[in-house]
Amino acid sequence: MDIFIQQIINGLVLGSIYALVALGYTMVYGIMGLINFAHGEVVMIGAMVALMVIKLLVNSGLPVFIIILIALAAAVAVCMAVGYSIERIAYRPLRRAPKLAPLITAIGVSIILQNLAMLVWGRNYHAFPPILPTSEHDIFGATITSLQVAIVLIAALMMTGLIILIHRTRLGRAMRATSENPPIAQLMGVNINQIISFTFVIGSALAAVAGLMVSANYSIAHYYMGFMLGLKAFTAAVLGGIGNIAGAVLGGILLGLIESLGAGYIGDLTGGFLGSHYQDIFAFFVLIGVLIFRPSGLIGEKVSERA
Amino acid sequence: MSSVLLDARAIAKHFGGVKALHDVSLSINQGEIYGLIGPNGAGKTTFFNVLTGLYHPDGGELIFAGEKLPASAPHKVAKRGIARTFQNIRLFANMSAMENVMVGCHVRTHAGVFGAVVHDRRTTAEEVAIRRRAEELLHYVNIADRADDLARHLSYGDQRRLEIARALATDPKLLALDEPAAGMNGTETEALRELIEGIRKDGITVLLIEHDVKLVMGLCDRVAVLDYGEKICEDVPAVVQKDPKVIEAYLGGSLA
């Protein structure tokens, strides 16, 4: 029973991070029908930038909270710039091209960013400086760290903020209108280039936060970390129904739980044949399952006809 | 008697070898209801698409309120004061009726990224004003009771009305209606006529594509007739109705 509760907690933490990243995939897909495979790399860049800033400031004598805040601000700023540039340089020229062209481009951008990161930060794993409080709390016989609590709370806060932005503001309405029908949105005076840029920038900001969370949670960052994380978050977005904001949140959390519980019990289930390091297979079983049985995702709708 | 609001000069548009519009010139006066009629495929909707920046014209220019309209920039055309509806209704189907109209207010409002994230006082005030304006417009077209329903759940007639409300929300000088009476019964058409007359009374110039000849002839101050992408006639309804070229276009060459 302890293991069960513990894995639920771990799953929620992991799922919150997946959800933040999945939102980036789903927003871009919703607005322009593109799977931005470079999104995982934006998360990696966020993690790396935050880590570098923390390493720089770790001996500065500033309070931990302030250091984290500065690192976060730097990561968010860099990622926003990266996200904006990716759209501007790689995708905008292909706006009217067949769907396959931007998709391949996305994979190309992903590879370029990985290699740039390798040149800048090297091929080594970077350890997260042990500056965070490690206090643990007991719930139902399982433990949860302050960091984990913070991850879940911050993720929830950001997702709520995003949903308010999309459903309660002029900008959000313009985003939804663009996602339903770009030419008609333009006739209402919506500048869709601006909206698309904004979508990338917001998604990248969420990715930056997720990057810091991942590196803090696993105490490590690496130029290659965005690849698997990106695929998982993409899976989460597809699971919830890609293009659907609530779906990304639901898919992210579900996937986190599935992975976490799977990793916790896979040893028992296979009689010790497979260990918990096989946890990655669950995400891809889920992806295959969804694509076969419910391609539109859990709460996705059929892709509507575009004018 | 009145000044020219829209001056279309030799507008041309072709698709491959098909000349959808061949040097079409027409001018619409401030405050009039101007009808654009013609057989199917005559180029009426193509003209609308060029006018609102959805198509790039292959020739000619549009002068609106004394200034040249930018080509293929729908959001700038909207800003200059041209709004339209569609023959096949194009609402934001998964947004509520109210939200559809609120999107229409986009062009005249300003809150940007800062406002969306920070919710400062000016943004909040603007949001309230947008909501109030949208409510007014839903009342104006008589669908206020459906405000919170998704656009796709509205009846056909209500969807047409909602599209007009959304177009009016952009605060246009010129409202272009593409077959607004299509699929409507007699009562609905009559209500539509009153609505259009009311819109004109509010100082908005109306450009109307319509197949319902009775509606066009009863409502319009002047009518232009397109046939195979060319303007074959432009005059007051009484004259247009008797023009032999128009009769030929509609009924075929047998009467000539």
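## Notebook: two chains of a predicted model

I opened the notebook at the hairpin of β2(A) and β3(A), where 2 residues lie between the strands and A:Phe140 takes a positive phi near 45°. The model is a predicted one, and I kept that in mind for each entry below.

To place one pair of residues, I followed A:His137 across and noted A:Ile144 as its bridge partner in β3(A).

I then turned to helix α1 of chain A, residues 2–32, and helix α10 of chain A, residues 245–269, which pack at an angle of about 145° with their axes 6 Å apart. I recorded that their contact is made up of 16 nonpolar, 12 polar and 1 charged residues. The crossing of α1(A) past α10(A) is right-handed.

I looked at helix α6 of chain A, residues 170–180, and found it mostly covered, with 10 of its 11 residues buried. Among the buried residues I wrote down A:Arg170, A:Leu171, A:Met175 and A:Glu180. I then went on to the place where the two chains meet, and asked how many residues each chain brings to the contact. Chain A brings 22 residues and chain B brings 26. On the side of chain A that touches chain B, α6 and α7 (182–187) of chain A each supply at least two residues, and α6(A) gives the most, with 8 residues. By class, I noted that this side of chain A holds 11 nonpolar, 7 polar and 4 charged residues.

In chain B I traced an open sheet of 6 strands with mixed pairing, in the order β6-β7-β8-β3-β9-β10. Its edge strands are β6 (82–84) and β10 of chain B, each of which pairs on one side only, and the twist from one strand to the next averages 20°. I found helix α10 of chain B, residues 244–251, packed on this sheet, where it touches β9 and β10 of chain B and has a direction at about 130° to that of β10(B).

I then looked at the pairings on either side of β9(B). With strand β3 (residues 33–37) of chain B, strand β9 (residues 222–227) of chain B runs parallel, and 4 bridges join the two; B:Leu36 has B:Ala224 in β9(B) as its bridge partner. With strand β10 (residues 230–235) of chain B, β9(B) pairs in the antiparallel sense over 5 bridges, and there B:Val223 has B:Asp235 in β10(B) as its bridge partner. The hairpin of β9(B) and β10(B) has 2 residues between the strands, and B:Tyr228 takes a positive phi near 45° in this hairpin.

I found another open sheet in chain B, of 4 strands in the order β2-β1-β4-β5 with antiparallel pairing, whose edge strands are β2 (18–29) and β5 (67–68) of chain B. Between strand β4 (residues 59–64) of chain B and β5(B) I noted 2 bridges in the antiparallel sense, with B:Phe64 standing opposite B:Glu67 in β5(B). Helix α1 of chain B, residues 44–51, lies across β1 (4–15), β2 and β4 of chain B and runs at about 70° to β2(B).

Last, I looked up the domain assignment of chain B, which gives domain 1 as 1–81 + 172–256 and domain 2 as 91–171. The centres of domain 1 of chain B and domain 2 of chain B, taken over C-alpha atoms, are separated by 27 Å. Their contact takes 9 residues from domain 1 of chain B and 10 residues from domain 2 of chain B.

How values were computed
Residues are numbered from 1 along each chain as its sequence is written. Chains are lettered from A and ligands numbered from 1 in the order in which they are written. This is a predicted model: local features need pLDDT of at least 70, side-chain atom pairs count only at pLDDT 80 or more; totals for chains, interfaces and linings use all residues. Two strands pair if DSSP finds at least two bridges between them. Axes are lines fitted to C-alpha atoms, for helices over the stretch in contact, and angles run from 0 to 180 degrees between N-to-C directions. A crossing is left-handed if the near helix is turned anticlockwise from the far one by less than a right angle, and right-handed if clockwise. Ala, Val, Leu, Ile, Met, Phe, Trp, Tyr, Cys and Pro count as nonpolar, Asp, Glu, Lys and Arg as charged, and the others, Gly among them, as polar. A residue is buried if 20 or more other C-beta atoms lie within 10 Å of its own, exposed if 12 or fewer, and partly exposed in between; C-beta atoms are placed from the backbone. Two residues are in contact if their C-beta atoms, placed from the backbone, lie within 7 Å. Domain bounds come from an automatic or database domain assignment.
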